[in-house]
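User: Could you walk me through how to read the helices and contacts in a model like this one?
Analyst: Happy to; let's start by looking.

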Amino acid sequence: MNGGQPTLGQLVASATSEMSALVHDEIALAKAQLRQDVKRGAAGSAGLLAAATVLLFSLPMLSFALAYGFQAWTGWHLSVCFLLSFAVNVLVAVVFGLIGAALMKKAKQGKGPQRTAASVKETAAVLQNAKPHPRPDSRPALEKAEPVARSSA
């Protein structure tokens, strides 16, 4: 060190270390945001799965119960009551499907990795436009450096 100032090698090593840490942090952020989007997608899938499950397993039981209930309540023909009970089951499945589709759309709109990629591009742009700090002496730093003694070996 010359008078307490770091050498060029130390400055380059420090800058490289800081850039490496920045890149690692950006990657970790991208992974965290991607995990969040995957969780939203899983919740949407669960909603769609619930819709399919309700439609599949409730149709026989609910259809019979609703059809006989409608027939007892209205006195209509049994076939009309079965059609009405099927329509109610389809309506329930549509509601679950819309909820699941809304959650999937929210997960698809997640800007997780895109935000991080934009941040990385912004960091790279700032670093490309960085200019070296002007030196107080008009001579370049290499001219000020003392010659290094070479060994005879």
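**Reading the helices**

Analyst: The protein has four helices and zero strands, where helices (H or I, at least four residues) and strands (E, at least two) are DSSP runs numbered from the N terminus. This is a predicted model, in which local features need pLDDT of at least 70, side-chain atom pairs count only at pLDDT 80 or more, and totals for chains, interfaces and linings use all residues. Residues are numbered from 1 along each chain as its sequence is written, and side-chain values use heavy atoms, leaving out hydrogens and water.

User: At what angle do the axes of helix α1 and α2 cross?
Analyst: Axes are lines fitted to C-alpha atoms, for helices over the stretch in contact, with angles from 0 to 180 degrees between N-to-C directions. Here the axes of α1 (residues 8-74) and α2 cross at roughly 170° and come within 7 Å. Angles over 145 degrees count as roughly antiparallel, so α1 and α2 are roughly antiparallel to each other.

User: Is asparagine 89 buried or exposed?
Analyst: Buried means under 20% relative accessible area, exposed over 50%, partly exposed in between (1.4 Å probe, protein chains only). Asparagine 89, which lies in helix α2 (residues 78-108), has a relative accessible area of 4%, so asparagine 89 is buried. Across the protein, buried residues make up 14% of the 153 residues.

User: Which residues is asparagine 89 in contact with, leaving aside its neighbours within four places in sequence?
Analyst: Contact means heavy atoms within 4.5 Å. On that basis, asparagine 89 touches Leu55, Ser58, Leu59, Leu62, Ser63 and Leu66.

Conventions: Angles under 35 degrees count as roughly parallel, over 145 as roughly antiparallel, 65 to 115 as roughly perpendicular and the rest as oblique.
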